[in-house]
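Hi there,

Here is the structure I promised to pass on.

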Amino acid sequence: MNLQPGCRFIIAPHFHLRADWSRRLLVGAGVEEVNGCFFPLHSWRPPTSDELALLLRTSEGPTPPEELETSVCLFQLPGHLWSQWWTLLEQAAGDLGKGGFPGFDSFVRQVVHFLDFKDLPLPEGARCTVVVSKPGERPVNWGPEAHGPEGLLSNLPPSVPRRGAEELHWPRLWGAINLGEEETSVVLINLPFRQLEAELCRRFPHQTAPASAGALSGQFLHSCPDYPPVRLILGPGEGYRLPRGGLIHDAYVADKQEPDVLMLISLEISPSP
Amino acid sequence: MSAEILDRIFGWIFDSGLAREPFTLLWHAGEPLVLPVAFYETATELLSRHNGEGIPVIQSFQTNATLIDAGWCAFLRQPNLHLGVSVDGPDFLHDRYRRTRQGRGTLDRVLQGIHLLHEHGIPFEVITVLTADALDYPDELFDFYLANGIGSVAFNVEEIEGPHTASSLQRAGTPDRFRRFLTRFLTLARSAEPPLLVREFETSASALLARRRCGPGMRTQENKPWAIVNVDCEGNFSTYSPELLGIPSPKHDGFTLGNVSTDSVEAVVASARFQRLEDEISRGIEMCRESCSYFPFCGGGPPANKFFENGTFASTETLFCRLHKKVCVDVALALLEQDAKTAEAAPPLEPASQTERAPA
């Protein structure tokens, strides 16, 4: 199955980082199902020029706000904040695991101020969690109920009704930042929910459409295991913001030598309407 | 500039009586390090020969640092030399405007020069020109200064001056963006260990704390006649803002007031042309004093900005003063007030005897 046009990858406005998209983006061969979970196959290649054209914004000039909302926005923490994380970690060595991480809240506040300055504000009620994964191991996914690797999942809770998934009041994974010293990756299915649904409808016109985000993600991955996932490589200190609608994604640490350190930014409390 | 002209300039300066107290000889305009070290050694010797009373003189160089090598470092290590390096931040900001004639960015060469200065232990300050693009990148600029061992920074805003007839900072919304930028940058700079010195905060804070305010009758260097004397390579001289030297103005018959070979200061001061210029500049300062609450912090502003932006010295607000004076004072005031609140909220220091006591 070929890559379809879906959400695009852009550098967030007011950030300057080398895009180098033909190196940064890789296209996969599909997904495999293991105990009811879906994981990308370990087979990656650079995108063709046609695929790059589907994945990137082609028009010149500033990105309109509505397009930003539907794109994966790449950004970068400044060096001083990234170094601060490692200083913090060194200082906290020995105290970690005792239920606290002194200085972490202050670090998060500084990240929030920085992103706010860059007009990439975190939603009200955002929560930051650092997930450390051993190299080669499958990472734990987002969500308070996540206890083990669950593979590719929607960035919205599974119970969210598929209709209205693009509304902002659902808990969601907003994005993540690579706090590690080595490159890391995230893998996404580049199709927003309405396109997943359209694809399922095209393939299985007589099947009832799934009612929830979780069911829609599962059914798509189960029914279209050959749909090519897209892998986004993040350098140290780089992060991404997911588009407003639901998107299937997971961290990917297969090629790593060092532990993966990803700060997940999620909205777990629904703000008042 | 020939040694002969240099000789005349220094002779003229010291004979004129203008040099009565310590002053700075600033080598500026173009790239001063294009000339060989030997030129400045000769200049230093000539300066010393004419400076019979031994008035302390600091020679200051504003350079892009691309030509700095071991020979320059040996010269620049001498006492009474001050060095300013022009660098606009990381490559995506610096190389956008500062390029070679072949169109290549110059940052790599600037950084080579900066690293040589560090190797030879030569202190320097940095001047960064802020364009509209740069206002999005306070953190990236801060990272850049830290990474390159830069401890003292001055921001110049992209001004409208001479042939530079437009500025990216003229766009609507710039004062608010500049305010955000400066607040963010100063917050980072002041929290660094050691703090990164930022001229805009230091001067504004000093003025706010009443150490450097402009009282009645006081002027700043640029708008006070003969506080600055500008001399070009042919010995033509002017006073007030250096940017005016060599600029044509039919109304003022240019701003060159004379030549060191032929004209004395007394003759120029007595001339009707100088008097008209001084009257117009004075009127502008008076207008600022009467209409602007920031006058004590700026003293009427640089005449060059008024002339280039408003077409006359007898005028008031400019882009330069909106950004570089008003916003800087506002931001410094906000930060000083924040400091005061933090200090008030902090618990009182314990006497030494108590802190030395063993915990109960």
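**Aromatic rings in chain B**

Phe142(B), Phe144(B), Tyr145(B), Phe155(B), Phe178(B), Phe181(B) and Phe185(B) are joined by ring pairs into a cluster. Rings of Phe, Tyr and Trp (its six-membered ring) pair if their centres lie within 6.5 Å; planes under 30 degrees apart count as stacked, over 60 as edge-to-face and the rest as tilted.

Before going on, please note that this is a predicted model, in which local features need pLDDT of at least 70 and side-chain atom pairs count only at pLDDT 80 or more, while totals for chains, interfaces and linings use all residues. Residues are numbered from 1 along each chain as its sequence is written, chains are lettered from A and ligands numbered from 1 in the order in which they are written, and side-chain values use heavy atoms, leaving out hydrogens and water.

Over all chains there are 38 aromatic pairs. One of them is tilted: Trp226(B) and Phe237(B), 6.3 Å centre to centre with 55° between the planes. Both residues are buried (under 20% relative accessible area, with exposed over 50% and partly exposed in between; 1.4 Å probe, protein chains only), Trp226(B) at 12% and Phe237(B) at 0%.

Phe255(B) and Phe313(B) have ring centres 5.6 Å apart and planes at 70°, so this pair is edge-to-face. Phe255(B) is buried at 2% relative accessibility, and Phe313(B) is buried at 1%.

As for chain A, buried residues make up 49% of its 273 residues.

Best wishes
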